[in-house]
Amino acid sequence: MTTPPDREIEPTSDDVDSLADRIGNHLVRLQRVRDRTIAHAKATDGIDPAAYACLFRLIHDGPMRSGALAEVMYSDPSTVSRQVTQLVERGHVERQPDPTDGRASVLAVTDSGRAAATRIRALRNEKLGQVVAEWSIDDLNEFTRLLDRFVEDYERMRPIFDRARDAR
């Protein structure tokens, strides 16, 4: 008996566990490849690539305090502080007075930072373009849709994961 094409079969718990294990293994492989790529990138320009993630976040969200940046980066403040220090030292980010509290400062991207981000984004897109060069546009669209869904769901579940971890 076949299932009509317009009806999906509900996965069993064993199916979900098996597929979750496969997804997890793929994510580990991807992280290893990324770690090696990141190590090479740091060796070439001296800035920890995680610092560039801070730069991109500041470009996207606008100036903010370091603590707020740590929150949106899902990172601890000391780690973000080290990353921001690298960006400030290179002139990519500057500290400006917080308009709502003159005693505090916000982090703002400089023209140099915007230029660096443009360069990094172009390089990233070139490399990703090489990876998916033989994919059909339908495959690219479907992968983009599913990856977006995966990341959105992961971000939505993160507070639940954190509460479970903290309860241990």
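Here are some questions and answers about the predicted model shown above.

In this predicted model, local features need pLDDT of at least 70 and side-chain atom pairs count only at pLDDT 80 or more, while totals for chains, interfaces and linings use all residues. Residues are numbered from 1 along each chain as its sequence is written, and side-chain values use heavy atoms, with hydrogens and water left out.

Me: Which residues does Leu58 contact, leaving aside its neighbours within four places in sequence?
Reply: Contact means heavy atoms within 4.5 Å. With those neighbours left aside, the partners of Leu58 are Pro63, Met64, Leu69, Val93, Leu107 and Val109.

Me: Are H2 and H4 roughly parallel or roughly perpendicular to each other?
Reply: Axes are lines fitted to C-alpha atoms, for helices over the stretch in contact, and angles run from 0 to 180 degrees between N-to-C directions. The axes of H2 and H4 lie 9 Å apart, at an angle of about 85 degrees. Angles under 35 degrees count as roughly parallel, over 145 as roughly antiparallel, 65 to 115 as roughly perpendicular and the rest as oblique. H2 and H4 are therefore roughly perpendicular.

Me: Which residues of H4 meet H2?
Reply: From H2, the residues taking part are Ala50, Ala51, Tyr52, Cys54 and Leu55.

Me: Is Glu89 buried or exposed?
Reply: Buried means under 20% relative accessible area, exposed over 50% and partly exposed in between (1.4 Å probe, protein chains only). Glu89 sits in helix H4. Because its relative accessibility is 61%, Glu89 counts as exposed.

Me: Is Thr110 buried or exposed?
Reply: You will find Thr110 in the loop between S2 and H5. Leaving aside its neighbours within four places in sequence, Thr110 is in contact with Gly91, His92, Val93 and Glu94. With a relative accessibility of 14%, Thr110 counts as buried.

Me: What is the phi of Tyr74?
Reply: Tyr74 is in the loop between H3 and H4, and at 42% relative accessibility Tyr74 counts as partly exposed. Although Tyr74 is not a glycine, its phi is positive, at about 55 degrees.

Me: Which residues do ring pairs link into a cluster?
Reply: Rings of Phe, Tyr and Trp (its six-membered ring) pair if their centres lie within 6.5 Å; planes under 30 degrees apart count as stacked, over 60 as edge-to-face and the rest as tilted. There are three aromatic pairs by this rule, and one of them is the tilted pair of Phe150 and Tyr154, 6.0 Å centre to centre with 45 degrees between the planes. Tyr154 also pairs edge-to-face with Phe161, at 5.6 Å centre to centre and 70 degrees between the planes. The cluster linked by ring pairs is Phe150, Tyr154 and Phe161.

How values were computed
Helices (H or I, at least four residues) and strands (E, at least two) are DSSP runs, numbered from the N terminus.
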